[in-house]
Amino acid sequence: VVGLGLLGQITCQILNANGCNVIGIDVSQQMVDFTNNNDFAKAYNRNNKSLITILDNSTNGYGFDKVIITAATPTNDPIVLSTKILRRKGQIILVGAVPIEIPRDPDFYRKELDFKISTSYGPGRYDVSYEYEGNDYPFAYVRWTEQRNMEAFLQLISKGRINLKKLITHIFNIKDATKAYDIVLGKK
């Protein structure tokens with residue numbers, strides 16, 4: 001998981017709850033330390049000079065099956081990094097907000113990588129017939145819809161396999177919402 005903000009932390013927990021061996025990467029040492037102090041992923045700083053070697057060793061030289069990018073950055077570095085650490089025929093799944101500038105060579109083309117952009121919440125999102133008129137997709141054809149994804153997520157929380165309390169850093173009164181947004185947006 002590249003990007004260990006709120007979405008990255010939740011993604012790490014979901015993957016861990018489903019039995020995945022999760023590794024997180026972030027440019028913020030604070031987020032790397034936060035992740036390492038919890039039990040759902042091993043994390044590394046993107047600026048670590050030995051990062052590629054560390055990641056290569058963690059997969060016994062095979063490369064990762066998938067990289068989920070949850071980062072928000074003005075550069076395409078998360079995509080470039082993903083192409084380097086994925087195995088042949090691996091997948092990049094973009095959830096975050098990064099420029100979609102995919103370098104064809106050397107890795108993307110030669111490894112025959114796949115690139116997918118996630119729809120927020122899953123199939124059904126932005127579909128008026130689904131979201132507002134209640135017309136569901138047939139289970140046999142669309143296993144994971146927006147609704148089914150949310151149900152599965154809530155089930156993981158209710159079983160204690162995801163702990164959102166670990167992610168709470170501040171509590172604000174509703175009248176102080178602008179202060180909360182300032183923190184989220186990095187203004188303070």
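Leaving aside neighbours within four places in sequence, which residues is aspartate 39 in contact with? Under a contact criterion of heavy atoms within 4.5 Å, aspartate 39 is in contact with Asn16 and Lys166. This is a predicted model, in which local features need pLDDT of at least 70 and side-chain atom pairs count only at pLDDT 80 or more, while totals for chains, interfaces and linings use all residues. Residues are numbered from 1 along each chain as its sequence is written, and side-chain values use heavy atoms, with hydrogens and water left out.

Aspartate 39 sits in the loop between α2 and β2 (42–45), where helices (H or I, at least four residues) and strands (E, at least two) are DSSP runs numbered from the N terminus. With a relative accessibility of 66%, aspartate 39 counts as exposed; here buried means under 20% relative accessible area, exposed over 50%, and partly exposed in between (1.4 Å probe, protein chains only).

Not counting residues up to four places away in sequence, isoleucine 25 touches Val1, Leu4, Arg46, Leu55 and Ile85, among others.

Helix α1 (residues 6–17) has Gly8, Gln9, Ile10, Thr11, Cys12, Gln13 and Ala17 buried, and its buried residues pack against α2 (29–36), β3 and α7 (146–158). Just after α1, glycine 19 takes a positive phi of about 85°.

Charged pairs complete the picture. The whole structure holds eight salt bridges, each a side-chain nitrogen of Lys or Arg within 4 Å of a carboxyl oxygen of Asp or Glu. One of them joins arginine 46 and aspartate 77, with the closest N and O atoms 2.9 Å apart; arginine 46 lies in the loop between β2 and α3 and aspartate 77 in helix α4, 31 residues apart. Arginine 46 is buried at 19% relative accessible area, whereas aspartate 77 is partly exposed at 27%. Arginine 88 forms another salt bridge with glutamate 112, the closest N and O atoms being 2.4 Å apart. Because arginine 88 lies in strand β4 and glutamate 112 in the loop between α5 and β5 (114–117), this pair ties together parts that are 24 residues apart in sequence.
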